[in-house]
Amino acid sequence: MIQNTAVDTTDELEELLDDEEEIARIKQRSVSGAFSYFLRTAFIQIIGLVSALVLSAFFSPEDFGIYGFVIQIIGLLIFFSDVGLAAALVQKKSEPTKQDYRVAFTTQWLLAWLIVGLVGLLLVGGWVQQKVGGAGAWVLLALAVSFPLATLKTISSIRLERRLSFNKLVFPQIVEQLIFHSLLIVLAWKGMGVMAYAFAVMARSLAGVVTMWLIEPWKEIGFSINLKVLRSLLGFGIKFQLNDFLARIKDQLFYLGLAAFMPLDQFGYIQWAKNWSLYPYNLTVQNVLAITFPTYSRLQSRVDLLKKAIEKSLFFISTSIFPILVGMSLFIWPLTQVVEKYRQWEPAVPSFIMFALSIGWAALSTPLVNTLNAIGQINKTLKLMVMWTTLTWAITPLMLWKYGFNGVALAALIISFTSIFSITMVKKHVPILVWPQVKLALLGSLVMIAVAFSGWTVWSRSLTHLLLGLLISGGAYLGGILLFGWQRVSAEVRSILLQRRQAQNPNN
């Protein structure tokens, strides 16, 4: 008995040491990866922002309305292309087998071609083409064909996520965005209008597949149908995808209904305002989510480390996204005054500001919903999505009826306050502290608002004055967070630098 106990103790000790080494590896890769990934994806978002600035001058509200209508159709059909298999493979504790990958690839390949078939039926029906015209129909077809192409890089992407190789993961996205937006801008400048999207979408899809396979080739590519493996993956995937399905009912299906019954120019205002407000979200929250889901999945058995990881994510997100949202909300109206071609977007300014403020809540809620998914609490995220979907369909029509197209953004702002429930749900599993992570960003934002309003009449005089106001307001935010939280900021910076050095020199 004594001998067996000693052996057991030794085994437990070795297992514990292995766990600690794995935890250290995860921390180093995730922190180092987060920093590098953010820099690279920031470049992507800058490309997108420049493109949005140019396209806002060349495209009319109706052009944005047509593209937005097509995007809602594709966004709704995306549900049929995944069924959560990619998330299931990333979240899986053990390493997926060759058959796991092949079953997932086969399923997604078939579903991707199903989307192409569904789009073909929509176009044959004629109603969509009557709404968006011939150019819009070609854009829809190009987006549909991009799904089978995207399937070819899915497994490579999953393998990189599981290894936490975020630096490699983001490079194909950079290539895709460079090609997409460069071609889009050139063709828009040439006067091709909405048709420019069709060519840009196809070029982006082909470039993404080639780049991904150069970085992470899947040499064991093949087809396999195994119901046992598929059921195992769907155990997590279906719940994950049901959550996504509710999100699509809340967003794509609802906005598709708006686009179908509203004049295209009014829907174009909504699409323009929403797209612009999402740039800060894509730059910060989406970047963090790409890293936190696989990282949180690896840390789900260590609540103490998971708590620290979540809090760091919230701190980073809030300190980076709050000043961007505040700055865009403060300076969007002066921008429409100093740039002549932007005058056409002046009616959409109230929508933009309300969408941007609602993104502030989403920036905190989304990582927490992501946490629930990563630790296997899919049922709770489903409850949240049911609530948000119900509220969207109940409140938005009322606001739309009373306030016109600006009521859509007002409804989004009202519903965003229910994000507080995601905080309470996560607290039941991980004892996170949210207020200490966001208070510094809120204080800095208040300083920024005060400085921006003090020179409000000056910023609208010219583009030079506008840019000067942005710089001064941004400096005020930075000064505010350093004034109120120098110790916290310096500690976080030192922590990131330390983890990066350890990741670069693992033997030291």
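Accessible areas here come from the Shrake-Rupley method with a 1.4 Å probe, and for residues only the protein chains shown count as cover. This is a predicted model, in which local features need pLDDT of at least 70 and side-chain atom pairs count only at pLDDT 80 or more, while totals for chains, interfaces and linings use all residues. Residues are numbered from 1 along each chain as its sequence is written, and side-chain values use heavy atoms, with hydrogens and water left out.

Q: What makes up the accessible surface of the protein?
A: The accessible surface comes to about 23300 Å², and 67% of it belongs to carbon and sulfur atoms.

Q: Why is L443 called partly exposed?
A: Buried means under 20% relative accessible area and exposed means over 50%, with partly exposed in between (1.4 Å probe, protein chains only). L443, whose place is in helix α16, has a relative accessible area of 36% and is therefore partly exposed.

Q: Why does G475 count as partly exposed?
A: G475, which lies in helix α18, has 41% relative accessibility, and so it counts as partly exposed. In space, G475 is 8.1 Å from M448, C-alpha to C-alpha, although 27 residues separate them in sequence.

Q: How do you know that the span of helix α8 is close to the expected one?
A: The expected span is 1.5 Å times one less than the number of residues. Helix α8 (residues 195-215) has 21 residues and reaches 31 Å from its first C-alpha to its last, close to the 30 Å expected. Its buried residues include Y197, V201 and M212.

Q: Where is confidence lowest, and where is it highest?
A: By pLDDT, the predictor's confidence in each residue from 0 to 100, helix α1 (residues 2-58) is lowest at a mean of 57 and helix α14 (residues 406-416) is highest at 94. Where pLDDT is low, the predicted coordinates should not be read in detail.

Methods: Helix = DSSP H or I, 4+ residues; strand = E, 2+ residues; numbered from the N terminus.
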